[in-house]
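Subject: Structure handover

Hello,

The structure you asked to look at is below. My notes on it follow.

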Amino acid sequence: MNRNQLVLLLSLLVGISLIGFFLFGPEKEVDYSTQIKPILNKHCITCHGGVKKNGGFSILFEKEAFAINESGLPAIVPGSPNSSELIKRLTHSDPELRMPYQKAALSDEEIDLLKTWIRQGAKWGKHWAYKPVKKPEIPTQTQIAGMGSGDSEVKLSPIDYFIREKLEEKGLKPSAQEQPLRLLRRVALDLTGLPPSETLVSDFSSGKITYEQAVDQLLKAETYGEKWATWWLDLARYADTKGYERDVSRTMWPYRDWVILAFNADKPFDEFTIEQLAGDLLPNPTQDQLTATAFHRNTMNNDEGGTEDEEFRVAAILDRVNTTYEVWQSTTMACVQCHSHTYDPIRHEEFYQSAAFFNNTRDEDTHDEEPRLRFYEEEQLGQVKNVITWTKEYEGEKAAKARADFLKFYEPKYAAHLATDFNRSELIDTKWLGLWSGGSAVYKNIDTQGSDQLLLDYWTGLDGTQMTIRKDGPEGEVLASFVINKTQGETVKQIPFKPISGKINLYIEAKNPSAGPQQNTSTIVWFAFLPSLKGKDKPGFKEAESDWEELLKFRGTRLPILIENPTYMARKTHVFERGNWMVLGQEVNPKTPAEFGGWREEWPKNRLGFAYWLTSAENPLTARTLVNRIWDQLFGRGIVRTLEDMGSQSDPPSHPELLDYLAWKTMNDYAWSIKALIREIVTTATYKQSSILSPEVFEKDPENQWYSRGPRFRLSAEQVRDQALAVSGLLSEKMYGPSVKPHQPEGIWQTVYNGESWTESEGEDKYRRGIYTFLKRTSPYPSFITFDAASREVCLSKRLVTNTPLQALVTLNDPVYLEAAKNLGKNAWAKGAGNPEKAISSTYQQVIFSPISEGKKKTLMDLFASAKVEFTTNPAALADFFPGAKPEEAAMAVVANAMMNFDEFLTKP
Amino acid sequence: MKHLEKLLAELAVQKLQNQTRRHFLMDCVSKVGVLAMAPLLFGCEPEHLIKKSTGLNLSERDLNPLAPLPPPFVGKAKSIIYLHMAGAPSQLELFDYKPELARYHDKDCPESLLEGRKFAFIRGVPKMLGPQAQFAQHGQSGAWVSDYLPHFAKVTDEVAFLKAVHTDQFNHGPAQLFMQTGSPRLGRPSLGSWVTYGLGTENQNLPGFVVLTSGGKTPDAGKSVWGSGFLPSVYQGVQCRSKGDPVLYLEDPTGMSRDLKKNVISAINQVNQEDFETFGDPEILARINQYEMAYRMQIEVPEVMNINDEPEHIHELYGTKPGEESFANNCLLARKLVEKGVRVVQLYDWGWDTHGTDHDGSIDKGLRNKCREIDRPMSALLLDLKQRGLLEETLVVWGGEFGRTPMQENREGKVQSFMGRDHHVDAFTMWMAGGGVKKGASYGITDDFGFSGVDERVSVHDLHATILQLMGFNHEKFTYDFQGRPFRLTDVHGELIHAVLA
């Protein structure tokens, strides 16, 4: 080859490659998480990852994917697709060898993509959701500002720029802004769950306040907390009963009130998180911080006789792990309970490492649901103070702290169900210790902390039972000997106890000649070791002693909370093989999943450290999860549609930069303020758009995922009811306190072994907001369930909105709605002052926040006329339908009943 | 003309199978938007009216998602009555006769049955528990049925038994979900929803898919077992009660006449129609349909749910007592409902979880009592359907969510005070009868202990495939697109059980 030929050849080659370059462009780098991972998840991972590793090959974790397989070869050779077994097997001509086995082959595009990826070095990547949140650039503002829908006046916010950039990309245009009053109704329903008040309406429509000012007023209203707490309580699986078979009532409402108060105070979301997950571990926790920990006591508690408490304690712990990950990390951990995650890089043992954070609390599925936080009355608080001051004076700070804690939540103590070696004794209903006369039982590994006193909680109908507690066994040293007599219900007795150090076995026996054969001499609930009050000879002792004794009789409000085990009661955590709690694998220590990263060594390895980890700036999932769900509350869909999961099987975000913008801003600019986040969203042009929908737009964006129109969807179960009560003037403004029982039909509660019944509340309690309605898990308030409310057995990220005729029957016929209609009708008639047309127009305006059209007015006038004729000609019907009302009032009630069933009434505009 | 109608109907099926709810409703937007809804309210011949007012050929389904549709091929059955014994009855006391197990009674369970297995409550090495019933063969087919079910023993020639059904879920909730939705997780449509979606219902004045419960409790898995999952919620089961309002809030307020109620609903829907024209949101059309249906249900549900007027011989046949909430009443109601054109009737009877922890939950006593509650009515149901000529077009399915162990339960390793069996997934008995089912068939063979199926095993997916086949669907082609992929009741599984097809 001469020089010229060479030059020619070279220039030819350059030419070809140049042509190639211009034809195909520079080869773009293939992205693992958005391009490769979906292919692997779709076709490969069910047999090669997580549960199954056929041929020893798994493609779930990076290390495994490049490892040598059973064949002795690696499946992937970076840089060399042709020598990669993976590619060979995807394209093999022998159907026995061609993968996926016995399924359709991958498409050419998919195979090409995999080849390119391997040729480029098979770079592994993190799933988008696990990457740190970075502040994205806001799209160029000039470019987008021009594409408005003629509304040049509209001020655009960064959110709008992100939205409009996508709209442009999709060939969509934003809608015009919503009519002011309809918009006010929309934002009031979104922020407070209720229509706007008359004052707000008049201030806003007269121009006295701007939209932004109206938003600020709504955010300040106490009803804001009620609305947003309802959302949070679905995640917290808050209910008023324990769940499972017997499903009896429990006291959880102080937690519900805490949530309402926290939202109203705009408690920053990081504090909100830390207090709920680990309030008890904060230094000198307040009553409120302890109350917050009831979040994880919303787990179900099984009272069924014959069930082992430990099994359901474990179930509760696992639920806490799953719930925590779903609520804060949009991660489905439930799969990892039994095996490594099929799709996401979380290992089996990592589930249990997470569980180890939660597995060290005092609660043990006992019937009384201890530990419970005591809510003392004012006067009792004085007694508490007296006892604590006394203890500090005569025993010092440490003892005073221990006694103060004991008065708060009665821990540490030992539950009766820990008994073993039953001899003429039993665990009554697998809950309490019952000793027959001459009977005994043993408690093993008990640490008395050298206490000179035992506290015993029990009840009995018998007098004169001689009880003896010995060390180790029947011949052991006597540590306590005492007599118990008939009690008035459950009681706590203080018993002198021989101080002894270290862990010992307690042998406990009872004798009572008057007890019948196999009769329990008493029912023992728990025992604890707390030193007696010192300073017996000092003035004031008697008072301190009597205060203390009286406090031990406390039977007021007690809320289940989280309390950490003291060191001497600490639990170990093991992997459960295949998720079976009976088959223990290796022991594990608290640790967060490796793939998520972000753990700092200075954090304590307990729930508090875990909560710090969740809320640290390095954890990308917490903020993304939060903003996604707030967005969903306002727009009816998340930026990531799968609210419960941001893992690799989730839907990709429709607006990834917007998601990160909001997450970044929430963590930084807003310092985790939810109100600030909500305010930013509801003041955008995007939110304020009209919800009118044209067939063309519907064609392009049926689900409104690009937000070219305002959000329009049916109200939630609670909102439907609250709104009906509000517009009819029946709604009670009373906040907080025990849950109430408004009217419900007979025969709804059908639970076995449960003597409770639905006793209708009286007075204004019948008309409280839905959030205060008593929620029984196995039989929730029927009209709420019909409108898709949750039964709250487990955490729920998203309520599905359904549409059934049964909903129509509720709002037409449920006595609650009927009463509202009557009230509204009566008020309407009074307002109209004898003019039905006026009554109808003004009521429509009051309820729907729009002027009534001529067509609608005619329809309703006709309805009024026909109802009036009926009630005038048939007084009996009038008396039945609306006793004591005039025919016109009853007819107007019928009109109101219709109005409260309009689609526009049941829908956020 | 006939040809055209058929074509339209087929098109509608096609559309329904290929389109999401939104798309379906979008068609309504473009087509219905030009119609005045008011005259259609309570109309009985909408197709005729639509044609007249618009000149458009529209199937009824375009307006009403529950309008009846022909299946892709002619199914043998038109409706289903599914009797689910929630809690899971013991196959070993009812149908799967195991004399060998009797010989092993009270002996330690062989290690081979326990290795690598997890049971819900059995711990360590339990004892074997022999059958606690007397068995005999019955009818032409010689089917084994125990003395727990004397009435049913007389109708076995109508029935095809599946004796080696297996599942993979051993807790009630997930297993019930699996049996009813094809998946142990929440979120999938139930069998009844699939069928109602595919076929609509014959009677627009009743729900297409009715759920009746007895035994004092609803199933462990709650209402999700009759939920519509990702299918439009209009296809979910509607629970009807035999006490109080048959459907909650069905009754009009006192003093409000039917005429006035009709005017109320008419006004609501006129206003909604106007709003639809303004806002264009197809959800409003769904709301309009919702109110029409509610009104019609108010009339017809109380009629069909009333069994007072049934003749005495019918009450005797079923053992029904009006006013009770019982399995017997529900069986009679099931017959009435399918007679009236309801597509799917799903019965749940609670109380079959015979662990032996108490008297009611014992294999020898409690189970016998439960069987007394169902024996006469379920046999009566088959006879009654047959005498009315309905059995040929009604598929009746009976079973629990799993079976029971041949071992005596030893909860937490302790001896129990009553005889009981733990949950068991490997083999249990179900039966089918009626439309398209081979009479007197028996399919499935279990080992000597009734522990595992050794031949002719049937998975839950196989059962579903077969049920769909009988209703006129190829289970592999009956799909619904959701989250970007087609979903099937049978997921990627399911083989037809040809042996039980007539």
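A term first: pLDDT is the predictor's confidence in each residue, on a scale from 0 to 100. It is needed here because this is a predicted model. In chain B, pLDDT stays under 50 over residues 1-47. The model still has 59 contacts beyond four places in sequence for that stretch. For chain B as a whole, the mean pLDDT is 84, and 84% of its residues reach 70 or more. The scores for the model are ipTM 0.88 and pTM 0.83.

Domains of chain A

Chain A is divided into five parts: domain 1 (1-30), domain 2 (32-125), domain 3 (229-367 + 572-635), domain 4 (391-555) and domain 5 (813-906). Taken over C-alpha atoms, the centres of domain 2 and domain 3 of chain A are separated by 36 Å.

Contact between the chains

Chain A puts 53 residues into the contact, and chain B puts in 52 residues. On the side of chain A that touches chain B, at least two residues come from each of α24 (695-700), α27 (805-813), α30 (854-873), α31 (875-881), α32 (887-899) and α33 (903-906). By type, the residues on that side of chain A are 25 nonpolar, 18 polar and 10 charged.

Nonpolar cores

The largest nonpolar core has 313 residues. Those with the most contacts inside it are Leu809(A), Val894(A) and Val895(A), together with Ala334(B), Val345(B) and Val397(B). Helix α10 (residues 282-305) of chain B gives the largest share of this core, 12 residues. Another core, of 30 residues, lies apart from it and includes Leu435(A), Trp436(A), Ile469(A) and Ile484(A).

What does Val895(A) touch, not counting residues up to four places away in sequence? The residues are Gly825(A), Ile840(A), Leu860(A), Leu863(A) and Phe864(A).

Ser175(A)

Ser175(A) sits in the loop between α7 (158-169) and α8 (180-192) of chain A.

Regards

Methods
Residues are numbered from 1 along each chain as its sequence is written. Chains are lettered from A and ligands numbered from 1 in the order in which they are written. This is a predicted model: local features need pLDDT of at least 70, side-chain atom pairs count only at pLDDT 80 or more; totals for chains, interfaces and linings use all residues. Domain bounds come from an automatic or database domain assignment. Two residues are in contact if their C-beta atoms, placed from the backbone, lie within 7 Å. Helices (H or I, at least four residues) and strands (E, at least two) are DSSP runs, numbered from the N terminus. Ala, Val, Leu, Ile, Met, Phe, Trp, Tyr, Cys and Pro count as nonpolar, Asp, Glu, Lys and Arg as charged, and the others, Gly among them, as polar. A nonpolar core is a set of buried Ala, Val, Leu, Ile, Met, Phe, Trp, Tyr and Cys residues joined through C-beta atoms within 7 Å. A residue is buried if 20 or more other C-beta atoms lie within 10 Å of its own, exposed if 12 or fewer, and partly exposed in between; C-beta atoms are placed from the backbone.
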